[in-house]
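Visitor: Before we start, please show me the model. I would like to learn how to read it one feature at a time.

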Amino acid sequence: MPEFGVAARTDVAKITLKSAPDRPGIGARVFGALWSYDINVELVSSTSGLEEGQDITLVVTKDHLNSAILKLNKIKEEIDAKDLLVDHNIAVISITHSGLAKTPGVGAKVFSALSSAKVNVEAVSSSTNAISCVVREEETSKAVEALKKELEN
């Protein structure tokens, strides 16, 4: 059985578009605008069903951050979102495994390990072979250590 991989990136920043309208086309406008500037979005997490719309959280590399902020501030005004929040002090911890989608309990192990290490997950995104968590940058080492220890078992 393939082993788990745990990797951390601290060259990233989190941007949250607060209370964006929850209707078709908003995501296309947001990500289309970033694409037009050749800005790659590393992670996306959305919270819909909020009374005031949806929060769209995305992670970009710090070298694309200023361009992303400029473009997203324009989009924020156009779609009448409430706010644009930027956080420079985050890390993305990615847990990879080729059989992740077919391995029960991985999510439980990941969140249990982070909880035991008192690391809060600010956003999460997953795919068939990775779980990526946004955490505070100063908790990166503690998070990686806890995950490696938990996933070795």
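Guide: The side chains of R136 and E122 form a salt bridge, at 3.0 Å from N to O. This pair joins distant parts of the chain, with R136 in strand β8 and E122 in the loop between α3 and β7, 14 residues apart. The model is predicted: local features need pLDDT of at least 70 and side-chain atom pairs count only at pLDDT 80 or more, while totals for chains, interfaces and linings use all residues. Residues are numbered from 1 along each chain as its sequence is written, and side-chain values use heavy atoms, leaving out hydrogens and water.

Visitor: What counts as a salt bridge?

Guide: Side chains of opposite charge can pair when their charged atoms come close. The cut-off is a side-chain nitrogen of Lys or Arg within 4 Å of a carboxyl oxygen of Asp or Glu. Helices (H or I, at least four residues) and strands (E, at least two) are DSSP runs, numbered from the N terminus.

Visitor: How many salt bridges does the structure hold?

Guide: There are eight. One of them joins E122 to K14, at 2.6 Å from N to O. E122 lies in the loop between α3 (106–116) and β7 (123–126) and K14 in strand β2, so this pair ties together parts that are 108 residues apart in sequence. In another, the closest N and O atoms of D87 and R136 are 2.5 Å apart. D87 is in strand β5 and R136 in strand β8 (residues 130–136), 49 residues apart.

Visitor: Is K14 buried or exposed?

Guide: Buried means under 20% relative accessible area, exposed over 50%, and partly exposed in between, with a 1.4 Å probe and protein chains only. K14 counts as buried, at 13%. D87 is buried too, at 17%, whereas E122 is partly exposed, at 29%.

Visitor: Which residue of β5 stands opposite K14?

Guide: That residue is D87. β2 and β5 run antiparallel and are joined by five bridges; two strands pair if DSSP finds at least two bridges between them. β2 also pairs with β4 in the antiparallel sense, over seven bridges, with V12 having T61 in β4 as its bridge partner. Eight of the nine residues of β2 are buried, so the strand is largely enclosed by the rest of the structure.

Visitor: What is the strand order in the open sheet of four strands?

Guide: The order is β1-β6-β8-β7, with antiparallel pairing. β1 (5–9) and β7 are at the edges with a single partner strand each, so one side of each has no neighbour in the sheet. From one strand to the next the twist averages 20 degrees. Four bridges pair β7 with β8, and V124 has C133 in β8 as its bridge partner. α3 packs on this sheet and touches β6 (90–96), β7 and β8, its direction making about 15 degrees with that of β8. Contact here means heavy atoms within 4.5 Å. Axes are lines fitted to C-alpha atoms, for helices over the stretch in contact, and angles run from 0 to 180 degrees between N-to-C directions. Helix α4 (residues 140–152) lies across β1, β6 and β8, at about 15 degrees to β6.

Visitor: Which elements do the buried residues of α2 pack against?

Guide: They pack against β2 (12–20), α1 (26–36), β4 (53–61) and β5 (83–87). Among these buried residues are L65, I69, L72 and I79. After α2 comes D80, whose phi is positive, near 65 degrees.
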